[in-house]
Amino acid sequence: MRRFRAAALASILGLGLSALGVATPAVAAAPSAGPSSYRAYETSRENVEANKAFFQAVMKSVASKRAANPGALSVTVRYNARYAPSFRNQIAASTQIWNGSVSNVRLVESSSGYDFAYYEGNDSRGSYASTDGHGRGYIFLDYRQNQQYNSTRVTSHETGHVLGLPDHYSGPCSELMSGGGPGTSCQNAYPNYNERSRVDQLWRYGLAAATASLAR
């Protein structure tokens, strides 16, 4: 079974993404793409650390812009989709799903001052979320993986990493962060109750903590 995963090019070291520029993702050759090319990385410590690093980077970026109003419960996270034109519909659908599922954070498209970007291309490792530790971050959407799996589920899953959710490949199809674990027949692109509640909790209390740390 193919599974989705998140990768980091370097650790985050407390840098935000507000100065995000046009970064070119490092991609692997596509011909060898397949389930076996994903599993080793998906279950690695690097993958787990990458998920956490990307969320921390986005949160610090948002916190730096909202420091003047640390008590706000609804936080805006801005993204840019111009570098993934083939997936514009899926990106729009996945952000609409998340915006309709949680109340403490909202995803809004922006051409400037954005917190992360979506990219597209071929990568034998599949789709992932990444940060390079230098104020840049992105979600990479792999062509082949999106042809075999529900593309909106792939995009919504990777966006879940931006919001702070880790992978849980052993979960059922009803769990968005189970990714490709349930197989290609899984069509669900919505987070379940526990995932929605966790995101709201992270953005209600996590943002306040991040903002407070910036004020010190």
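Is Glu 109 buried, partly exposed or exposed? At 39% relative accessibility, Glu 109 comes out as partly exposed (buried is under 20% relative accessible area, exposed over 50%, partly exposed in between, using a 1.4 Å probe and protein chains only). Before we go on: this is a predicted model, where local features need pLDDT of at least 70, side-chain atom pairs count only at pLDDT 80 or more, and totals for chains, interfaces and linings use all residues. Residues are numbered from 1 along each chain as its sequence is written, and side-chain values use heavy atoms, with hydrogens and water left out.

**The sheet and its helices**

Five strands make an open sheet with mixed pairing, in the order S2-S1-S3-S5-S4. Helices (H or I, at least four residues) and strands (E, at least two) are DSSP runs numbered from the N terminus, and two strands pair if DSSP finds at least two bridges between them. The edges belong to S2 (105–109) and S4 (128–131); each has a single partner strand, so one side of each has no neighbour in the sheet. On average, neighbouring strands here are turned by 30° against each other, direction ignored.

S1 (residues 75–83) pairs with S2 in the parallel sense, over five bridges. Along that pairing, Tyr 79 sits opposite Glu 109 in S2.

Two helices lie across the strands. Helix H5 (residues 151–162) lies across S2, S3, S4 and S5, at about 160° to S5. Contact here means heavy atoms within 4.5 Å; axes are lines fitted to C-alpha atoms, for helices over the stretch in contact, and angles run from 0 to 180 degrees between N-to-C directions.

**Back to Glu 109**

The count of salt bridges comes to one (a side-chain nitrogen of Lys or Arg within 4 Å of a carboxyl oxygen of Asp or Glu). Arg 88 and Glu 109 form it through their side chains, at 3.0 Å from N to O. Arg 88 lies in helix H3 and Glu 109 in strand S2, so the pair ties together parts that are 21 residues apart in sequence.

**Aromatic rings**

There are eight aromatic pairs. Rings of Phe, Tyr and Trp (its six-membered ring) pair if their centres lie within 6.5 Å; planes under 30 degrees apart are stacked, over 60 edge-to-face, and the rest tilted. Two of the pairs are set out below.

| Pair | Centres | Planes | Type |
|---|---|---|---|
| Tyr 79 and Phe 116 | 6.1 Å | 35° | tilted |
| Tyr 119 and Tyr 138 | 5.4 Å | 75° | edge-to-face |

Tyr 79 is in S1 and Phe 116 in S3, so that pair links parts 37 residues apart in sequence. Tyr 79 is buried at 5%, and Phe 116 is buried at 0%. Tyr 119 in S3 and Tyr 138 in S5 bring together parts 19 residues apart in sequence. Tyr 119 is buried at 8%, and Tyr 138 is buried at 5%. Tyr 119 and Tyr 138 also belong to one aromatic cluster with Tyr 83, Tyr 128 and Phe 140.

**A serine in a loop**

Ser 127 is in the loop between S3 and S4, and is buried at 1% relative accessibility. The side chain of Ser 127 has a polar atom 3.0 Å from the backbone nitrogen of Asp 142. A polar contact of 2.7 Å also joins the side chains of Ser 127 and Gln 145. A polar contact is a pair of N or O atoms within 3.5 Å; within protein, one must be able to donate a hydrogen and the other to accept it, and residues adjacent in sequence count only if both atoms are side-chain atoms.
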